[in-house]
Amino acid sequence: MGNRYLNIALPKGRLGEKVYAMLESAGFGCPGVMDNSRKLIFENEDVGVRYFWVKPSDVAIYVERGAADLGVCGKDILLEYEPDVYELLDLGIGKCKMAVAAPKGFVDGRERILKVATKFVNIAADHYRKAGRQVDIIKLNGSIELAPILGLSDTIVDIVETGTTLKENDLEVIETIVQISARLICNRSSYKFNSDVIIKLCNALAAIKEK
Amino acid sequence: MSIPEINPISDRLMSLFAGCGYTQYKMSKFEEYELYAENKAFLPSKSIITFTDTDGRLMALKPDVTLSIVKNFRDGKTEKLYYKESVYRTDSNTAAFAEITQAGIEYIGDVDVISLSEVLTVAQLSLDCVSEQNVLDVSSLALLSALLDKLCPDGETRAKLIHCIEHKNVHEAAFVCNEADVSEENKALLLQIMTLDPDPDKACAVLCSLAVCGGWKAEAENFKKVLSALDKSKLRVDFSVLSDTNYYNGIVFRGYINGVPSAVLSGGQYDMLMRRLKKTSSAVGFAVYLDRLDNFSGQAETPYYDTLVLYGDNTDAKAVCNVIKSSADAKKSVKTAKEPPENVKYGKLLDLR
């Protein structure tokens with residue numbers, strides 16, 4: 001009942017390249033994927049895989065809507081958008097954390113509504129809801145670190161990898177919300193009809209991760 | 001007889017349900033808002049379109065069919081009903097209200113192993129009406145609840161584990177168990193259930209061999225009995241199929257079609273909903289989401305007419321009408337047009353131009 005090709009959405013950028021290297025080691029390579037060309041789709045008929053590069057934040061949508069059977073995206077995307085997909089494996093790469101950061105020395109006195117700037121509105125809202133803290137969430141699409149410096153917000157909720165950008169802007173992590181890493185996700189329906197090959201791929205990636 | 005079907009899939013489903021002894025249930029587009037407000041968690045979409053009726057009552061455009069059927073059911077008899085109705089819900093992507101057509105069946109009254117098997121069989125046949133390439137995933141909330149009770153997590157941990165089970169997220173389930181100090185034995189049990197072989201015979205053999213708690217064996221045997229009557233070639237046991245335990249209990253299931261990215265059929269036993277609506281009977285049913293099949297290529301069929309009548313400006317109108325009448329009398333289909341239409345198949349061409 002399986003389909004001819006397993007469609008896999010890879011996130012553009014360094015993370016996607018690492019993921020592809022793992023897939024290639026797992027025996028699911030495809031010529032041309034790493035070439036610097038304008039080609040969008042790459043197929044390997046022998047192995048039965050088809051790869052395409054998409055914006056990292058779009059991977060989950062491609063998988064949820066069935067345009068891709070499998071995909072790789074950060075846990076941050078899964079927490080923020082809650083796509084209805086299976087999360088089959090923690091690939092153990094692209095590790096970072098979702099954290100609350102503020103100007104050095106900042107203390108939340110809780111005497112007024114806290115202003116929080118973030119790209120991750122749902123994650124931030126959920127975090128402060130659980131903490132019982134009333135907040136004003138300001139949605140930004142980039143340069144989040146600028147918000148507390150210019151007085152737009154008191155704190156930020158953002159991904160922190162090394163913390164260098166925070167340091168350079170006199171900000172510091174005051175709370176870690178959740179650890180983030182790359183996850184292998186799968187469309188629910190595709191899993192039913194291609195389970196043999198999906199489980200095979202998943203097990204092969206798990207074995208590589210363990211090495 | 002070859003009258004083209006307006007919606008081949010829903011027509012086939014209606015014939016199937018009627019042919020399996022279910023009677024059609026027609027209902028109003030509105031209900032009192034109170035019914036839905038009290039059972040919001042049962043609804044897939046929490047937003048409801050409301051309006052005030054002329055007598056001042058707050059009414060709602062029906063967001064769900066089952067609630068209305070259960071509300072009007074009287075205990076003491078068994079009813080086998082089918083429906084094809086529009087419901088009004090918010091679209092999760094656009095957040096705008098949408099009209100969605102659902103077709104399904106409800107078996108309410110004395111629900112036993114045979115009636116559960118029957119409903120699951122009708123669910124499998126419903127999927128066959130759409131495509132041969134289908135799968136019905138079945139799970140047992142009774143078994144899953146018993147397992148989670150044994151793990152004894154607090155409310156928050158339980159919610160996290162349910163999320164992991166629903167998303168086949170084995171790595172995080174293990175992490176949550178470790179964080180909540182769930183014993184290694186119980187953690188292994190949970191992971192075993194999450195990674196169970198979906199083959200019904202193999203899955204049931206494992207489930208029946210476990211001794212999770214007092215009532216587990218009987219429940220597992222009951223589950224096995226229900227599944228043993230079904231066509232197992234397209235049946236899978238999958239505990240990632242979950243529904244709200246405040247409403248559902250026992251068996252729950254989802255149907256998938258190859259090429260459609262999400263479940264097209266969803267159902268289960270919902271005795272808990274019956275209790276909430278003060279009914280003592282049991283109930284099981286399912287709905288087919290016809291809107292999710294709109295873009296399914298298997299649905300697009302070229303309409304066929306027994307006769308295609310072509311007429312021109314000078315054609316006698318009576319001649320055209322006579323063909324329509326005679327075709328209707330003979331239970332034959334007919335299409336009239338000035339030019340040969342595209343994407344239409346026909347048996348006989350009658351050119352009156």
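Reader: Which residues in H5(B) meet H10(B)?
Author: Ala142(B), Leu143(B) and Ala146(B) of H5(B) meet Trp216(B), Glu219(B), Ala220(B) and Phe223(B) of H10(B). Two residues are in contact if their C-beta atoms, placed from the backbone, lie within 7 Å. Helices (H or I, at least four residues) and strands (E, at least two) are DSSP runs, numbered from the N terminus. By class, six residues of this contact are nonpolar, none is polar and one is charged. Here Ala, Val, Leu, Ile, Met, Phe, Trp, Tyr, Cys and Pro count as nonpolar, Asp, Glu, Lys and Arg as charged, and the others, Gly among them, as polar.

Reader: What kind of structure is this, and how are its parts numbered?
Author: This is a predicted model, in which local features need pLDDT of at least 70 and side-chain atom pairs count only at pLDDT 80 or more, while totals for chains, interfaces and linings use all residues. Residues are numbered from 1 along each chain as its sequence is written, and chains are lettered from A and ligands numbered from 1 in the order in which they are written.

Reader: What pLDDT does chain B average?
Author: Chain B averages a pLDDT of 90, and 96% of the residues score at least 70. The term pLDDT denotes the predictor's confidence in each residue, from 0 to 100. The model has an ipTM of 0.87 and a pTM of 0.85.

Reader: Returning to the helices, at what angle do H5(B) and H10(B) pack?
Author: H5 (residues 141–151) and H10 (residues 216–228) of chain B pack at about 155°, and their axes are 9 Å apart. Axes are lines fitted to C-alpha atoms, for helices over the stretch in contact, and angles run from 0 to 180 degrees between N-to-C directions. H5(B) and H10(B) are therefore roughly antiparallel to each other. Angles under 35 degrees count as roughly parallel, over 145 as roughly antiparallel, 65 to 115 as roughly perpendicular and the rest as oblique.

Reader: Is the crossing of H5(B) and H10(B) left-handed or right-handed?
Author: H5(B) passes H10(B) in a left-handed crossing. A crossing is left-handed if the near helix is turned anticlockwise from the far one by less than a right angle, and right-handed if clockwise.

Reader: How do H4(B) and H10(B) pack?
Author: H4(B) and H10(B) pack at an angle of about 50°, and their axes are 8 Å apart. That angle makes H4(B) oblique to H10(B). Their crossing is right-handed. In this contact, Val113(B), Leu116(B), Ser117(B) and Leu120(B) of H4(B) meet Asn222(B), Lys225(B) and Val226(B) of H10(B). Four of the residues are nonpolar, two are polar and one is charged.

Reader: And at what angle does H4(B) pack with H1(B)?
Author: H1 (residues 8–19) and H4 (residues 113–130) of chain B pack at an angle of about 150°, with axes 9 Å apart. H1(B) and H4(B) are therefore roughly antiparallel to each other, and their crossing is right-handed. Ile9(B), Arg12(B), Leu13(B) and Leu16(B) of H1(B) meet Leu125(B), Ser126(B), Cys129(B) and Val130(B) of H4(B). This contact has six nonpolar residues, one polar and one charged.

Reader: Which domains does chain B have?
Author: The domain assignment gives chain B domain 1 (1–133 + 258–300), domain 2 (136–252) and domain 3 (304–351). Such bounds come from an automatic or database domain assignment. The C-alpha centres of domains 1 and 2 of chain B lie 26 Å apart.

Reader: How many residues of domain 1 and domain 2 of chain B are in contact?
Author: In chain B, 16 residues of domain 1 are in contact with 17 residues of domain 2. On the domain 1 side, H4(B) gives the most, with eight residues. That side has 10 nonpolar, five polar and one charged residues.

Reader: What about the domains of chain A?
Author: Chain A is assigned domain 1 (6–94 + 181–210) and domain 2 (96–180), with 30 Å between their C-alpha centres. Seven residues of domain 1 of chain A are in contact with nine of domain 2 of chain A. Helix H3 (residues 75–81) of chain A supplies the largest share of the domain 1 side, four residues.

Reader: Finally, how many residues of chain B are in contact with chain A?
Author: 13 residues of chain B are in contact with 14 residues of chain A. The chain B side has five nonpolar, six polar and two charged residues.
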